[in-house]
Amino acid sequence: MAKKDKLEKGKKKRDQETVADGTLSTTLIQTARAMRTLLARDLVDHGLYAGQEMVILSLAEADGKSPGVIAAELGVRAPTITKTVNRLMAQGFVEKRDNGSDGRRTEIALTARGQETLASIKQATAGVEQALLAGLSGKETRQLAKLLKKLEENVSETAAPQT
């Protein structure tokens, strides 16, 4: 084996060991927690708790979704969404309405208050992203976004139920 091949093989092994030691996972989890904490702090001023903004943003994309559809989009269990929707209803952000074609099916829709809070959610999210990306160039930010998307796809594929 040529010296160059041995060096490359050694480098690949070191790179894999660095990733396999758990530091990447720990760093990603701690970063996500810090982001959630910062976002929660900013959203509480608008009467929202962590996670509720995701339901509102989902409904802003297409109003009138079933709890099951929202749960699938957000990657959480239906009971979690039911609990969140009930809280959002009590706060006046969303309402339940019957599906016109299927009386057994309930849809969740934004109220006027829910619509009004969208700008605040987007502003808070932008502020968190600005803090997160401070010091990174545009190129680094785009590269990071691309890499994180790939990581999400890898984990989603691995976590997908086997058929």
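Author: A salt bridge here is a side-chain nitrogen of Lys or Arg within 4 Å of a carboxyl oxygen of Asp or Glu. The model is a predicted one, and by this rule it holds 5 salt bridges, among them the pairs described below.

Consider Glu 73 and Lys 65, whose side chains meet in a salt bridge with 2.8 Å from N to O. Lys 65 counts as buried, because its relative accessibility is 7% and buried means under 20%. Glu 73, in contrast, has a relative accessibility of 43% and counts as partly exposed.

A salt bridge also joins the side chains of Glu 53 and Arg 36, where N and O are 2.7 Å apart. Glu 53 is buried, with a relative accessible area of 1%, whereas Arg 36, at 30% relative accessibility, is partly exposed.

The side chains of Asp 42 and Arg 41 form a further salt bridge, with 3.4 Å from N to O. Arg 41 counts as exposed, because its relative accessibility is 53% and exposed means over 50%. Asp 42, with 24% relative accessibility, falls in the partly exposed class.

Definitions and conventions
Residues numbered from 1 in each chain as written. Predicted model: local features only at pLDDT ≥ 70, side-chain atom pairs only at ≥ 80, totals over all residues. Heavy atoms only, no water. Buried < 20%, exposed > 50% of the residue type's maximum accessible area, 1.4 Å probe, protein only.
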